Amino acid sequence: MKAVKATGTKQLLIAGVVTDVCVAFPTLSALEEGYEVFVVTDASGTFNQTTRDASWSRMEQAGAQLMNWFSVGCELHRDWRNDIEGFGGILAKHLPHYANLMQSYGAQQG
């Protein structure tokens with residue numbers, strides 16, 4: 001936690017190998033330390049759905065905000081129109097519906 005404190009940030013994105021240990025433990029510790037924590041729910045896993053759901057519930061009740069990789073990426077990026085070839089291009093390659101959105105916007109703009 002010393003290295004994190006040295007950055008001066010008050011917001012953390014947390015993901016890990018195992019949801020109920022690698023994610024839950026640092027999330028709960030960071031929340032106790034006063035950090036705003038965003039857990040990337042689809043960037044870790046665990047042994048079964050019951051364990052996953054219990055872990056998410058525990059973290060959420062403690063104050064963590066649960067997000068998925070797509071919402072994290074879009075929130076950090078803010079507006080794909082400013083970087084169509086960059087992050088917008090990555091989204092378009094992997095999410096056909098997002099590519100349709102981008103093409104529709106482009107067609108309307110002329």
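Predicted model: local features only at pLDDT ≥ 70, side-chain atom pairs only at ≥ 80, totals over all residues.

Q: How many helices and strands does the chain have, and what pattern do they follow?
A: The chain has six helices and three strands. Going along the sequence, they read α-β-α-β-α-β-α-α-α.

Q: What does the radius of gyration say about the chain?
A: The radius of gyration is taken over C-alpha atoms, and the globule rule is 2.2 Å times the number of residues to the power 0.38. For a compact globule of 110 residues that would be near 13 Å, but this chain has 17 Å. Its C-alpha trace spans about 50 × 35 × 20 Å along the principal axes.

Q: How do I tell which strands belong together?
A: Two strands pair if DSSP finds at least two bridges between them. Here three strands form an open sheet in the order 1-2-3, with parallel pairing. Strand 1 and strand 3 are the edge strands, each pairing on one side only. On average, neighbouring strands of the sheet are turned by 25° against each other, direction ignored; axes are lines fitted to C-alpha atoms, for helices over the stretch in contact, and angles run from 0 to 180 degrees between N-to-C directions.

Q: Which residues face each other across those pairings?
A: Strand 1 (residues 11–14) pairs with strand 2 over four bridges, in the parallel sense, and Leu 12 has Val 37 in strand 2 as its bridge partner. Strand 2 is also joined to strand 3 (residues 65–67) by three bridges, again running parallel. There, Phe 38 stands opposite Gln 65 in strand 3.

Q: Why is strand 2 described as largely enclosed?
A: Buried means under 20% relative accessible area, exposed over 50%, and partly exposed in between (1.4 Å probe, protein chains only). Four of the five residues of strand 2 (residues 36–40) are buried, so the rest of the structure largely encloses that strand. Over the chain, buried residues make up 29% of the 110 residues.

Q: What does Thr 27 touch?
A: Contact means heavy atoms within 4.5 Å. Thr 27 sits in helix 2 and is buried, at 0% relative accessible area. Leaving out residues up to four places away in sequence, Thr 27 touches Ile 14, Val 37, Val 39, Met 59 and Ala 64.

Q: Where should I look for polar contacts?
A: A polar contact is a pair of N or O atoms within 3.5 Å; within protein, one must be able to donate a hydrogen and the other to accept it, and residues adjacent in sequence count only if both atoms are side-chain atoms. Thr 46 is partly exposed, with a relative accessible area of 25%. Thr 46 and Thr 19 are 27 residues apart in sequence, yet 5.6 Å apart in space, C-alpha to C-alpha.

Q: What about Ser 55, buried or exposed?
A: Ser 55, in helix 3, counts as buried at 7% relative accessibility. A polar atom of its side chain lies 2.9 Å from the backbone oxygen of Thr 51.

Q: What happens at the two ends of helix 4?
A: At the start, a side-chain oxygen of Asn 68 reaches to within 3.2 Å of the backbone nitrogen of Phe 70. After helix 4 comes Arg 78, whose phi is positive, near 75°.

Technical notes:
Residues numbered from 1 in each chain as written. Heavy atoms only, no water.
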